[in-house]
Amino acid sequence: MKIPANRLDRAYEKHKEEYETKALHVLRSGNYILGSEVAAFESEFSAYLDAKYCISLANGSDALWVALHLLNIGPSDEVIVQGNAFFATVLAITRCGARPVFAEPDLTHYNLNASNIAACITSHTKAVLVTHLYGLMTPMHEIVNLCRTHGLRLIEDCAQAHDAKFQGQAAGTFGDVGCFSFYPTKNLGAFGDGGALVTNDPRLAENAYCFRNYGKENNCGDYIIQGVNSRLDELQAALLRIRLQYLKEDTAEKNHIAKRYYAGLRNEWIDLPKVYLGTENVWHQFVIRCNRRQDLIAYLLENGIETAIHYPIPPHLTSALRNLRIKRGALPITEQLAETVLSLPSFYGLREDEQDFIIRTLNQFS
Ligand SMILES: Cc1ncc(COP(=O)(O)O)c(C=O)c1O
C-alpha cells in the first residue's frame with residue numbers, strides 16, 4: 001500500500017460537481033475581483049465564527065502582516081511569538097520592522113501558555129501572536145487576561161485552526177484580530193492562495209477594507225491611506241463558500257482520524273500530543289513525537305507511508321533570521337520539538353483501511 005503525506009484530490013473529488021459548476025458560473029459572470037462572492041464569503045465566514053467583521057486578503061501571510069501593521073506595530077516594538085511558529089508568522093513581525101521574541105511552547109501540546117509568554121514581557125512588548133499550531137487550540141483564558149493586564153495587543157494565527165474552539169468560542173475571536181490562511185492544504189482550503197482577518201473592531205475593519213485595495217475609500221473614491229493590493233478573488237471566494245458549507249463535516253472527519261490514532265497507536269517510541277480540557281481541536285496535522293525520527297521516517301517509507309515534518313528548522317535558527325543572533329540551545333523545548341515532531345497522514349478522504357495500515361506499521365516499529 002502507498003500512502004502519501006497528503007492528497008488534496010480526494011477532498012476535491014467529494015464535491016467535484018459543485019466546484020466545477022460554481023467555477024464556471026464565476027468565469028461566465030465577468031466579475032472577478034471584489035464582487036458579490038467575496039462579500040458573501042466574508043459575511044458567511046464572520047457569521048460562522050461569530051465575529052463582527054471578516055476582511056478577505058490575498059493570503060494568510062498578508063493577514064498577519066496587515067493585522068500587525070494596522071495595530072501600529074513597528075520598529076522598536078517587540079512581539080512575543082512561539083519558538084515553533086511557522087516561518088511566515090515570524091515574517092509578519094519582521095516585515096513591520098518589529099522584533100520577534102520567542103517564547104517556549106508547551107512540549108506536550110506544542111503551543112503557548114501564559115507563563116512562558118509572561119517570561120518574555122519587557123517594556124518594549126507591544127503584542128502577543130499566538131498560533132493554534134496543527135489545529136490544536138491554545139487554551140486562551142489566561143493568555144487573554146495576561147494581555148489585558150499588560151495592555152498588550154493579542155493576535156491569533158488561525159491558519160491551521162478553522163473551526164477550532166476554546167470553551168465554545170472560535171479561534172480568531174479572542175484577541176484584537178484573528179488571521180486565517182486558505183492555502184489549499186488548510187482545513188478550509190481554497191484552490192489557490194487566500195487569506196482573511198476577522199475582528200470585532202469597526203475601525204480596524206474599516207482600515208483593513210481600505211488598506212487591501214490600495215487604500216481606496218469606496219464611498220468617496222479617495223485614497224485615504226497608502227495601502228497595498230491584497231485581495232481574495234471571486235473564484236476563490238466562490239469555491240471557499242462551498243468548502244465552508246462542509247467545514248463542520250470536514251472537522252468531524254479530522255476528529256475521527258485523530259480518535260482512531262489515539263485508540264490504535266501503542267509504541268514506546270512514539271509520544272502523542274496532549275489534549276487540553278475545554279479545547280475543541282481540528283487536527284490540521286496529526287503530529288507525534290519520536291526521539292528516533294530519522295529511523296522512523298525511513299522505516300515508514302520502506303512500508304510505503306510518507307510523512308512530513310512541520311517544521312524541521314525553528315525560525316530562530318534559520319539563515320534568514322541570523323541577524324537576531326539567537327544561538328542554538330537558547331530555546332531547548334522549541335529545538336527538541338523541531339528534532340522530534342512528525343506529521344502522520346491525516347488528510348480528508350484518508351480511508352480506514354489506509355489508517356489501519358499506518359497504525360499497524362507504526363506499532364511494529366522497534
Ligand atoms: C501557521 C501558519 N501561519 C501562516 C501561514 C501563511 O499563510 P499563507 O501561506 O496563506 O501565506 C501558514 C500557512 O501556510 C501557516 O500554517
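Student: Into which domains is the chain divided?
Tutor: Domain 1 covers 8–245 and domain 2 covers 247–363, with bounds from an automatic or database domain assignment. This is a predicted model, in which local features need pLDDT of at least 70 and side-chain atom pairs count only at pLDDT 80 or more, while totals for chains, interfaces and linings use all residues. Residues are numbered from 1 along each chain as its sequence is written, and side-chain values use heavy atoms, with hydrogens and water left out.

Student: How many residues of domain 1 are in contact with domain 2?
Tutor: Contact means heavy atoms within 4.5 Å. By that rule, 44 residues of domain 1 touch 45 residues of domain 2.

Student: What is the area buried between domain 1 and domain 2?
Tutor: The size of an interface is often given as the accessible area lost when the parts come together. Buried area uses a 1.4 Å probe and is summed over both parts. Here the value is about 3,900 Å², and carbon and sulfur atoms give 57% of that. On the side of domain 1, Arg-10, Tyr-134 and Asn-187 lose the most area to domain 2, together 19% of what that side buries.

Student: How many salt bridges does the rule find across the interface?
Tutor: A salt bridge is a side-chain nitrogen of Lys or Arg within 4 Å of a carboxyl oxygen of Asp or Glu. The rule finds five between domain 1 and domain 2. Lys-248 also forms a salt bridge with Asp-163, with the closest N and O atoms 3.2 Å apart.

Terms used. Buried area is the accessible area (1.4 Å probe) that two parts lose on being put together, summed over both.
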